[in-house]
Amino acid sequence: MNMDTFSMTTQEYFDRHGLVLYLSDAAARFGAVQSKRPNLQAVDFLAHYFRDVCARTHTLFREYSFVSATAYNRASFLHNFWKCYKNLLKETEFLSTWDLHSLVQLLCADFPRQLVLDAARITFQGQVNDYLVRFSDFLFAFQLQFYFNEFLQVVAKTYERSATGRNSCRTDNRCQLGASSITGASEDASRMERQQVGSGDPEHESLVGSPANEGPGSILGSQLLRDLLKSENHHISCPPGPVLRDILSKVDRITFDNFVVALSKHDGINNHIGILPNKLIVHSIAAASRRPKSKDL
């Protein structure tokens, strides 16, 4: 247990772990089944409910508002997505965005298609609609896009304000874009930066230091780093500070697109969320499936 836990008030502990959400959800679901099972005891139902929470199965087949409500729920959804579809690495290399969205919808019927498209754009930046996307690359892009969606909205708003010539926005709750997609917010920067930036090869060199970062769609890396590290975004999930420093301290300027690509490729993101295996393992599984099988003599 984190030592900070002992210094928290009850309210702070409940807020950090989203316990009010889970208790409210459990109460609502108990009320829905009690009419069909009048002998069901509340304590038994709560025990079963929180066993599912601990096993990360509580987000299966739930609505998007619940699936995305907490960091733990988002990690649980990624856990189920990987568990259900990891064998696709051995069976297929590319999937269309429609196929990918259909797979996600099997676990969450109202999951926004736009989030899948935004994840696909991380692996192939441009006007992605029904392009084929390498599944091994999509896994990590989808992880970043879904888990840190609110954070990416904040960063996109910073780039949007920079593009219009205004001061960098404060990255606090007044700077959030609500439920809108980051695509619209970063449209100006993306229009200036239409390149394929990921070949799917794990050896592919990161573009954070490339000349593509120069131009009107870019921001000083040091300024962006200061804005993000001084923010008070306790209500949203943010990448660890060392990851942000590692990416932004190595560049003079960086575009929104390349910043997101660098985040998706950084091992610190994967380690922080703790769901997907190491990228080398995932790519090795995918690469093995692409090797021609030797014929029996």
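A crossing of two helices is right-handed if the near helix is turned clockwise from the far one by less than a right angle. The model here is a predicted one.

**The overall picture**

The protein has 17 helices and four strands. Of its 297 residues, 47% are buried. If you look at contacts between residues at least 6 apart in sequence, 68% of them join residues at least 24 apart.

**Helix α15 and its partners**

Start with α15, which is largely enclosed by the rest of the structure, because nine of its 10 residues are buried. The buried ones are Phe256, Asp257, Asn258, Phe259, Val260, Val261, Ala262, Leu263 and Ser264. What does α15 pack against? One partner is helix α10 (residues 149–163), and another is helix α9 (residues 135–147); the table gives the geometry of each pair.

| Helix pair | Angle | Distance between axes |
|---|---|---|
| α10 and α15 | about 155° | 10 Å |
| α9 and α15 | about 110° | 9 Å |

Take α10 first. An angle over 145 degrees counts as roughly antiparallel, and α10 and α15, at about 155°, are therefore roughly antiparallel to each other. Their crossing is right-handed. On the α10 side, the contact is made by Phe151, Leu152, Val155, Ala156 and Tyr159, and on the α15 side by Phe256, Phe259, Val260 and Leu263. By class, that contact has nine nonpolar residues, no polar ones and no charged ones.

Now for α9. Angles of 65 to 115 degrees count as roughly perpendicular, and the angle of about 110° between the helices makes α9 roughly perpendicular to α15. The crossing of α9 and α15 is right-handed too. Here α9 brings Phe140, Ala141 and Leu144 to the contact, while α15 brings Val260, Leu263 and Ser264. Sorted by class, the contact of α9 with α15 has five nonpolar residues, one polar and no charged. Val260 and Leu263 of α15 turn up in the contact with α9 and also in the contact with α10.

Leu224 is found in helix α13 (residues 221–229). Is Leu224 buried or exposed? Buried counts as under 20% relative accessible area, and Leu224 sits at 0%, so it is buried. Leaving aside residues up to four places away in sequence, Leu224 touches Val155, Thr158, Tyr159, Ile219, Leu248, Ile254 and Phe259. Leu224 and Leu244 are 20 residues apart in sequence, and their C-alpha atoms are 9.4 Å apart in space.

**Another covered helix, and an exposed proline**

Helix α8 (residues 113–123) is mostly covered, with 10 of its 11 residues buried. The buried residues of α8 include the charged Arg113, Asp118 and Arg121, along with Leu115, Val116, Leu117, Ala119, Ala120, Ile122 and Thr123.

Pro242 lies in helix α14 (residues 241–248). Its relative accessible area is 57%, so Pro242 counts as exposed. Pro242 and Gly268 are 26 residues apart in sequence, yet 8.3 Å apart in space, C-alpha to C-alpha.

Most residues other than glycine have a negative phi. As for accessibility, Arg56 is partly exposed, with a relative accessible area of 21%, whereas Phe61 is exposed at 62%.

**Cysteines**

How many disulfides are there? With a disulfide taken as a pair of cysteine sulfur atoms within 2.5 Å, the count is zero. Cys54 is exposed, with a relative accessible area of 64%, and Cys238 is partly exposed, at 24%.

How values were computed. Residues are numbered from 1 along each chain as its sequence is written. This is a predicted model: local features need pLDDT of at least 70, side-chain atom pairs count only at pLDDT 80 or more; totals for chains, interfaces and linings use all residues. Side-chain values use heavy atoms; hydrogens and water are left out. Buried means under 20% relative accessible area, exposed over 50%, partly exposed in between (1.4 Å probe, protein chains only). Axes are lines fitted to C-alpha atoms, for helices over the stretch in contact, and angles run from 0 to 180 degrees between N-to-C directions. Helices (H or I, at least four residues) and strands (E, at least two) are DSSP runs, numbered from the N terminus. Angles under 35 degrees count as roughly parallel, over 145 as roughly antiparallel, 65 to 115 as roughly perpendicular and the rest as oblique. Contact means heavy atoms within 4.5 Å.
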